[in-house]
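Student: I've got a model open and want to talk it through. Can you show it here?
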Amino acid sequence: MLLPFCLFSSEKFEVIGPTDPIVAVAGDDIILPCYLKPNISAEDMTVDWLNLDFKDGRVFRYQNHRIIREDHIPSYIGRTALFEEELWRGNTSLKLTRVQGTDEGFYTCVIQSKPWNCNFTIQVLVEAVGSKPVVSIEGHRKGGMGLLCESEGWHPQPELLWLDSKGVNLSAGPPEIHRDLKGFYKVKQHVIVQETNTNRFTCRVQQSRINEKMETEVHLPSE
């Protein structure tokens, strides 16, 4: 990744940070690193942090030696901070607490000091393992017995599968996907099954990016 250069007082400076994404577990606190190089003071500068996935996506601003709390994305209020005691040596990193699903995206650290403006962009990936699937028996339906599987609290969006006792995928209805205000996913899916030798069926919820899966088996009594 190319690092942006800025000219200030006829000298060349950089705004730098990591080139790899920051992987965050939901509920944890993370740091989005951003520094001036060489380590000049940022105390007299304006520091903006923006989430590029939002229109008017400011999550934090430091200006005129104070934190500006207006015009921020509401979900970030009370969850962001700079290391103000480190500004004198060019540390403009952002601390983000209680990470949630909507925090995933690309963030830009913008440093402004007349006559220059420079920035660095970093990606945040959020991981959350959801609940163990809950299976409900819905009763007789046309063609067999109706089952419902539900699981919530996932990020990124998971996949739901119905399996027979041999691990073969069953044909099921379309999944219903819902996303809550914090950006976590709930998935549910109906299936109609016919009686088998074992009458055992499994609901599996999996997410390949975070390499996680959870299963619940249900045993239907023979009629």
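Tutor: First, a term: buried means under 20% relative accessible area, exposed over 50%, partly exposed in between (1.4 Å probe, protein chains only). This is a predicted model: local features need pLDDT of at least 70, side-chain atom pairs count only at pLDDT 80 or more, and totals for chains, interfaces and linings use all residues. Residues are numbered from 1 along each chain as its sequence is written, and side-chain values use heavy atoms, with hydrogens and water left out.

Student: Okay. Are Tyr76 and Tyr107 buried or exposed?

Tutor: Tyr76 and Tyr107 are both buried.

Student: How many aromatic pairs are there?

Tutor: One aromatic pair. Rings of Phe, Tyr and Trp (its six-membered ring) pair if their centres lie within 6.5 Å; planes under 30 degrees apart count as stacked, over 60 as edge-to-face and the rest as tilted. The ring centres of Tyr76 and Tyr107 are 6.4 Å apart and the planes are at 80°, so this pair is edge-to-face.

Student: What sits over the ring of Tyr76?

Tutor: The charged end of Arg79, 5.2 Å from the ring centre. The rule: NZ of Lys or CZ of Arg within 6 Å of the ring centre and within 35 degrees of the ring normal.

Student: New topic. Which strands does β17 join by bridges?

Tutor: Strands are DSSP runs (E, at least two residues), numbered from the N terminus. Two pair if DSSP finds at least two bridges between them. Nine bridges join β14 (residues 144–154) to β17, antiparallel. Four join β16 (residues 176–179) to β17, also antiparallel.

Student: Which residue is opposite Lys186?

Tutor: His178.
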